[in-house]
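I open these notes to record what I looked up, beginning with the chain as a whole and ending with one residue.

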Amino acid sequence: MSPIAFARGIPSPDILPIAELADCAKYVIENDGTTVLNYGHAFGYPPLREWLAEQHGVTPDRVALTLGALGGFNVLARELFRGDVPSREAVVEAPTYDRTILALRGVGAELSAVAVSEEGLDLDGLERALSVDPAPRLLYVIPTFQNPSGRTLSEDERRAVVELAQARGVTVFEDDPYRLVRYEGDDVPTLFELAGGDGVIFASSFSKSAAPGLRVGYLIVPDDVVAPLQDALATMYISPPMLPQAAIYELMRRGLFEPARERTRAELKARRDAMFEALERAMPDGTRWSRPQGGYFLWLDLPSGVKVRPLLERAKEEDVTFVSGTDFFIDGSGDEALRLAFSYPSVAEIHEGIDRLGRLVGEAQSS
Ligand SMILES: Cc1ncc(COP(=O)(O)O)c(C=O)c1O
């Protein structure tokens, strides 16, 4: 049996714009090698920062290009929780991105969580979580095609999040790497836009829309964070690698970024559609799953009583992998749920893998 991976949120190799990036990378070394092969600004390659600043309606000095969005988040989190801060509390969604949980714990944050499901975000719970005294230091939200659940906050929910956070003076970190891979439906304004930039740090990345191995993510930070963040980044690595940043910029300058993104979206949609079809066919009654209009993931609630850990053990024996729902909660909830990534396997593998998984869920249900 060939292994089928629904565990890792990585793109299928055939999605990557390899030839285009090879040509762009060669071009930028030959034509701007004195810049991209030298040390540079702690916030990275200026032309790409300027382009992003224009996209987001901010000045370029507020745009920090980082080692992926995750690299940016880690450095910023360390700054936010450094020293004697009034609150060490960070509020996250339940479920949320597992690496964020680890990063926040790593900087000594104390976590609380607010439920988010297909029915939406628990706004009463959010209000309660933000009403504590002192107010939490940070609210971390993944509003679009969330990792792990695939769900997207509506515009009304986003407005409510912004209002509640602003009323309590809580800094919001909006982690939005998947918004560029929407393949149906309309864009929803970002929290950053709805807040007029006030109190929201926005993060995104070219990992999902171009190539994750480039490690080009970015943050839009408030004016008062610019200097400390620059110092922290310069201390850590002087300046980030500018070659991949310049290659992305060149991809855009040549008008090749949008066609590459279009191809990525089409490939992801085909995989998501295949997963929906396979789940309908193969999953026993009582199984439910989210219906994302973009991104890499969907969330699957197992029939009542079917536990994810023994299922994962059985799945490994059958050479199919996924991530246990428990990894995405701060308190070990999610033991009857799992995350499926459809970004990596082929359409044929998705059908085969979901058939295997459906059989295992059925066995667990009747045992
Ligand atoms: C919500 C979320 N944030 C950040 C990242 C990391 O992105 P990057 O590759 O830009 O570091 C991921 C990657 O899976 C993610 O799902």
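I took helices (at least four residues) and strands (at least two) as DSSP runs, numbered from the N terminus. The model I examined is predicted.

Entry 1, overall fold. I counted 12 helices and 14 strands in the protein chain. I then looked up the extent of the chain: its C-alpha atoms fill a box of roughly 65 × 55 × 35 Å along the principal axes. I compared the radius of gyration with the globule rule; the protein chain has 21 Å, which agrees with the value near 21 Å for a compact globule because the chain holds 367 residues.

I listed 37 positive and 56 negative charges in the protein chain, and their mean positions lie 3 Å apart.

I located Arg261 in helix H10, which covers residues 257-282. Is Arg261 buried or exposed? I place Arg261 among the buried residues because its relative accessibility is 12%, and buried means under 20%. I next looked up its partners: the side chain of Arg261 makes a polar contact with the side chain of Glu258, at 3.1 Å. Leaving out residues up to four places away in sequence, I found that Arg261 touches Leu180 and Ser209.

Note on methods. Residues numbered from 1 in each chain as written. Predicted model: local features only at pLDDT ≥ 70, side-chain atom pairs only at ≥ 80, totals over all residues. Heavy atoms only, no water. Rg over C-alpha atoms; globule rule 2.2 N^0.38 Å. Lys, Arg positive; Asp, Glu negative; His and termini not counted. Charge placed at Lys NZ, Arg CZ, Asp CG, Glu CD. Buried < 20%, exposed > 50% of the residue type's maximum accessible area, 1.4 Å probe, protein only. Polar contact = N/O pair within 3.5 Å; in protein donor to acceptor, adjacent residues only side chain to side chain. Contact = heavy atoms within 4.5 Å.
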